Amino acid sequence: MRYLMLTIEPDVPDRGPTPDLDRWVADHDASGTRVTGSRLRPAADTRRVTVRDGRSIVTDGPFTESKEVIGGFDIIEAPDLDAALAIAASYPGARDGLVEVHPYWPVEGPVDGPVDDEPPGA
């Protein structure tokens, strides 16, 4: 099953990759548990798009008074939630920030086919 990991960190200037992060990425790329991932630009570079009455509205970020931002994401493949949580716990950013783990909604058939609307564990 796939999971989206969101790295939540203090809104500070980008610290860039670290040896621990490089090692985590390399280990999980090699094992096949990491599908993809990336750091994200600062919250000030974010845009929000809404459509109201057929008109697109674009709002510049940041959007909240939070001192934390989504700093990056990874899509991981794990056999179950416990395994996904163990992968998240090994993520270096979990030491000074936090990691949210979001299970993908199961999809039956082709990607453009019908969607199974039962949530995981239902």
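Which strands does helix α1 lie across, and at about what angle does α1 run to β2? In this predicted model, α1 lies across β1, β2 and β5, and runs at about 155° to β2.

Four strands make up an open sheet, and their order is β2-β5-β1-β6. The pairing is antiparallel. On the edges sit β2 and β6, each of which pairs on one side only. If you look at how neighbouring strands of this sheet are turned against each other, the average is 20°, direction ignored.

Two of the pairings can be followed bridge by bridge. β2 and β5 pair in the antiparallel sense over five bridges, while β1 and β5 do so, again antiparallel, over nine bridges. Here are some residues that face each other across to β5:

| Residue | Stands opposite, in β5 |
|---|---|
| Arginine 39 | Glycine 72 |
| Threonine 36 | Isoleucine 75 |
| Leucine 4 | Isoleucine 75 |

Now pick out threonine 7, which is found in strand β1. Is threonine 7 buried or exposed? Threonine 7 has a relative accessible area of 2%, and because anything under 20% counts as buried, threonine 7 is buried. Leaving aside residues up to four places away in sequence, threonine 7 touches Val69, Ile70, Gly71, Gly72, Tyr91 and Leu98.

**Helix α1**

Back to α1, which covers residues 19-31.

Which residues of α1 are buried? They are Leu21, Trp24 and His28. These residues cover an arc of only 60° around the axis, which puts them on the same side of α1.

The buried residues of α1 pack against β1 (2-10), β2 (34-39), β5 (68-77) and α2 (81-89). Trp24 has its own list of partners: not counting residues up to four places away in sequence, tryptophan 24 touches Met5, Arg34, Asp74, Ile87, Ser90, Tyr91 and Pro92. After α1 comes glycine 32, with a positive phi near 85°.

α2 lies across β1, β5 and β6, running at about 155° to β6.

How many residues does the largest nonpolar core have? It has twelve: Tyr3, Met5, Leu21, Trp24, Ile76, Ala78, Ala84, Ile87, Ala88, Tyr91, Val99 and Val101. At least two residues of this core come from each of β1, α1, α2 and β6 (98-103). α2 gives the most, with three residues. In soluble globular proteins, nonpolar side chains tend to be buried together.

Two members of this core, Leu21 and Trp24, are also among the buried residues of α1.

Definitions and conventions
Residues are numbered from 1 along each chain as its sequence is written. This is a predicted model: local features need pLDDT of at least 70, side-chain atom pairs count only at pLDDT 80 or more; totals for chains, interfaces and linings use all residues. Side-chain values use heavy atoms; hydrogens and water are left out. The expected span of a helix is 1.5 Å times one less than its number of residues. Buried means under 20% relative accessible area, exposed over 50%, partly exposed in between (1.4 Å probe, protein chains only). The arc is that of the directions from the helix axis to the C-beta atoms. Contact means heavy atoms within 4.5 Å. A nonpolar core is a set of buried Ala, Val, Leu, Ile, Met, Phe, Trp, Tyr and Cys residues joined through side-chain atoms within 4.5 Å. Two strands pair if DSSP finds at least two bridges between them. Axes are lines fitted to C-alpha atoms, for helices over the stretch in contact, and angles run from 0 to 180 degrees between N-to-C directions.
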